[in-house]
Amino acid sequence: MGSNAADWGRGLTIKSAPLEATCQLLIETMVLNNSLMLLAVPSSKGTSGAAGSLPEQRVASLTDMNLLTRTLTHALYSDSPLPDLASGLGIQLAADACVFIGRHLPTGKITLTLWQPQTLAQVWQFCPNLSASLEAAQLALKLIREACRAADAEWQQALERLLSLGNGGDWLREMRSHYITPIRASAETEGIVLLLSQEEHSGRTLHPALAEEIGALVALAFHQHHLHQQAQHSLEQLRYLNQLKDDFLSTLNHELRTPLTSMMLAIRMLRRPDLTPERKAMYLDILEQQCSREVTLVNDLLALQAIESGSAQVTLSPLNLNHFLRSLATAQQDSFDQANLSLHLELPQRWITVETEANNLSRIFQELLSNARKYAEPGTTVILSADSNSADPDSVIIRLQSEGAGIEPAELPHIFDKFRRGQGVTQRAIPGTGTGLALVKGLVQQIHGQISVTSQPTAQKNCWKTCFTIYLPHHAVKSLVTG
């Protein structure tokens with residue numbers, strides 16, 4: 001494709017004042033009725049000229065150009081402004097392809113819009129922070145900033161590669177003329193408009209006023225597109241939050257009522273005059289267990305609220321991690337035996353001392369170990385390990401690994417969200433309110449640590465290996481060898 005720009009946007013030649021008035025009335029009537037009309041009339045194919053230009057066209061006056069932009073403006077009021085404007089512009093200016101490339105400056109997202117005759121305009125979006133979209137975003141940015149001054153072969157190859165990442169760009173090789181104009185009318189968007197033709201025609205420039213109007217329209221279309229996306233995202237977030245609220249209220253209703261129901265039944269049984277001492281002791285145990293369950297639930301909710309409000313304060317002090325984890329494993333051993341699980345502890349030979357808050361750390365691992373008991377496959381081993389972090393001498397790594405029900409990839413980014421529970425846990429009657437892991441993350445952050453989770457399928461069917469990893473600041477790593 002040649003480098004010369006051409007004279008696009010040329011319209012009807014008006015021969016008399018009455019005819020002009022009639023056409024004006026007709027055009028304005030069609031504009032008011034949201035009708036798109038062809039104001040650009042290409043010249044005959046026999047027109048001579050240099051290769052690489054756009055089709056020669058005639059314009060009667062600036063009034064016709066204003067009518068063209070007024071006609072195209074109606075695309076901005078549609079639900080899909082970018083594809084509607086691209087198709088409208090391509091049809092009006094008799095192009096064989098119309099391409100918009102824009103970069104949203106606040107987010108860095110690249111949006112590509114392509115229209116060709118007899119096809120619906122398509123829109124692709126590339127996010128530079130996603131590895132799969134990185135090449136496309138780089139190519140688009142190169143085109144936006146260099147196409148207006150680059151040699152034809154350079155930007156054509158970049159555009160062909162960019163289109164191939166979307167829906168194929170082989171058709172681009174058939175284009176023989178082009179016009180490129182930048183978008184300068186928006187503080188939030190930078191970009192270019194490309195009009196392409198298969199014909200070779202004489203080179204004239206697009207009227208500056210029309211080029212500016214087209215750039216402004218496309219900038220507004222990009223703005224509308226991003227507003228629409230933000231509205232969609234907000235709507236999805238609202239639906240998600242409403243679903244979380246409904247799920248939480250349903251779960252909380254169950255978790256609150258179940259202990260209360262058990263306690264009420266136990267109290268009624270304790271009132272029976274013929275109750276034996278053994279039965280009385282059993283009902284007292286039930287009453288104590290369910291009361292403890294209710295108190296734990298309320299305390300979790302209060303602790304989560306305190307963490308989120310920033311009112312909870314902790315004081316860090318040195319703690320021997322080896323002793324702490326051994327005591328924790330011993331206290332948890334019976335509950336793991338009852339669940340037909342093994343709890344294996346892996347500790348280094350050296351004492352590890354961390355800078356932490358003992359109550360927070362105890363609450364963190366009680367929740368994680370309880371979580372492992374719920375989801376681990378019976379007969380498997382849960383491994384709790386700790387060691388110095390070779391990659392960061394100022395931290396200690398603690399891992400809790402289990403095999404059983406896994407976390408789906410789509411759920412991983414939300415696993416620490418408040419009131420979020422994995423798919424199917426309610427149907428499997430696994431107790432919980434969805435506050436445990438949110439509380440764990442908040443407590444870890446309080447003691448200046450970090451937590452992450454991975455979950456990968458294993459060779460065993462329906463069995464996943466899940467690993468929670470906690471990084472804690474260490475106080476010192478002593479050279480004393482443990483006995």
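In which sense do β1 and strand β2 (residues 110-115) pair, and over how many bridges? The two strands pair in the antiparallel sense, over six bridges; strands count as paired if DSSP finds at least two bridges between them. The structure is a predicted model, in which local features need pLDDT of at least 70 and side-chain atom pairs count only at pLDDT 80 or more, while totals for chains, interfaces and linings use all residues. Residues are numbered from 1 along each chain as its sequence is written, and side-chain values use heavy atoms, with hydrogens and water left out.

The protein chain has 10 helices and 12 strands. Of the 483 residues in the protein chain, 43% are buried, a term for under 20% relative accessible area, with over 50% called exposed and values in between partly exposed (1.4 Å probe, protein chains only).

Strand β1 spans residues 97-104, and eight of its eight residues are buried. A97, V99, I101 and R103 point one way from β1, whereas C98, F100, G102 and H104 point the other way. In β5, L194 is the bridge partner of V99.

Attention now turns to helix α7. This helix comprises 33 residues, 277-309, and its end C-alpha atoms are 48 Å apart, which agrees with the 48 Å it should span at 1.5 Å a residue; the expected span is 1.5 Å times one less than the number of residues. Buried residues of α7 include Y283, Q290, L297 and L304. Just after α7, G310 takes a positive phi of about 80°.

A search of the whole structure finds two aromatic pairs. One of them joins F416 and F468 edge-to-face, at 6.3 Å centre to centre and 75° between the planes. Rings of Phe, Tyr and Trp (its six-membered ring) pair if their centres lie within 6.5 Å; planes under 30 degrees apart count as stacked, over 60 as edge-to-face and the rest as tilted. F416 lies in the loop between β10 (395-404) and α10 (436-446) and F468 in strand β12 (residues 464-481), so the pair ties together parts that are 52 residues apart in sequence. F416 is buried at 14% relative accessible area, and F468 is buried at 7%.

Key. Helices (H or I, at least four residues) and strands (E, at least two) are DSSP runs, numbered from the N terminus.
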